[in-house]
Amino acid sequence: MSGYQVDDATVEEIETERATYEPITEATRRLADLCIRSQVDAASTARALEHLQAAIDVLSQDVAEGPYGLRHSRQGPTRPWGNAVVGVRNPVAPPLKVVHETDHVWSDFELSSAYEGPPSLVHGGVSALILDQLLGEAAAAAGSPGMTGTLTVRYRRGTPLGALRAEARVERTEGYKTFAVGQICDAEGVCVEAEGVFILPRWARSEQEQPERFE
Ligand SMILES: CCCCCCCC(=O)SCCNC(=O)CCNC(=O)[C@H](O)C(C)(C)COP(=O)(O)OP(=O)(O)OC[C@H]1O[C@@H](n2cnc3c(N)ncnc32)[C@H](O)[C@@H]1OP(=O)(O)O
């Protein structure tokens, strides 16, 4: 399947790529929040737009074809950098830094106004997005990666924007199917729960070397 690339990027090259693109990605996240909350006048937004257009012109000078994909280095860390949840080059991603423990994965993160659904609350699709990633990471961390077959989400109460924690763990595996559960909590407790089945796709079952993770 295309999009899963193996390369020989060194740790140093990977860090150079991160240092080159992470700041502009973080600035774009800040920009998204400002698009929503800025109260400057029309002349000021017109001036800001000119600067943005200049930035777009510079960045457009050299653009790769297609999305980023999932890049495995033989020498350094894997780069899921275009991923919508954890991608360090994706301004749409909050991004989450997911910690892998022996029996579960977790992440402390902040959601800005860019993720709003109901007033002051996280959009339900965003919660599902985050839980999909966390449950998928739990499956991968347990050595049984797969693509989401089914994800069931239960919204127990509104999830406030701001500081949150997501956690997930594998409940059981049945052959190439991994059943995972997880939740998103605020300081008061659980807001959203999810359970999902992650399936090693048929095409990967026949590979000599199976992917460590799917995005
Ligand atoms: C670390 C990285 C974390 C990444 C987290 C993010 C993960 C994602 O978001 S992945 C993107 C969203 N998911 C997708 O795009 C998946 C699209 N669907 C597919 O590719 C396929 O339908 C897939 C892989 C789920 C199953 O297809 P295939 O490999 O052909 O399975 P197939 O051989 O037909 O069925 C295998 C078994 O799974 C079951 N199954 C198939 N589809 C599903 C499903 N949707 N839900 C539950 N079970 C299913 C079948 O019943 C069968 O069970 P059994 O062996 O007991 O009869």
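## Contact between the domains

In this predicted model, 8 residues of domain 1 are in contact with 9 residues of domain 2, where contact means that the C-beta atoms of two residues, placed from the backbone, lie within 7 Å. On the side of domain 1 that touches domain 2, 6 residues are nonpolar, none is polar and 2 are charged. Here Ala, Val, Leu, Ile, Met, Phe, Trp, Tyr, Cys and Pro count as nonpolar, Asp, Glu, Lys and Arg as charged, and the others, Gly among them, as polar.

Residues are numbered from 1 along each chain as its sequence is written. Because the model is predicted, local features need pLDDT of at least 70 and side-chain atom pairs count only at pLDDT 80 or more, while totals for chains, interfaces and linings use all residues.

Strands pair if DSSP finds at least two bridges between them; helices (H or I, at least four residues) and strands (E, at least two) are DSSP runs, numbered from the N terminus.

Strand S6 (residues 162-174) and strand S7 (residues 177-186) run antiparallel and are joined by 9 bridges; Arg169 has Val181 in S7 as its bridge partner.

Glu137 is found in helix H3 (residues 124-141). Glu137 counts as buried because 29 C-beta neighbours lie inside 10 Å; the cut-offs are 20 or more other C-beta atoms within 10 Å for buried, 12 or fewer for exposed, and partly exposed in between, with C-beta atoms placed from the backbone. Beyond neighbours within four places in sequence, Glu137 is in contact with Val98, Val105 and Ala168.

Ser120 lies in the loop between S4 and H3. Ser120 is exposed, with 12 other C-beta atoms within 10 Å, and has a positive phi of about 65 degrees although it is not a glycine.
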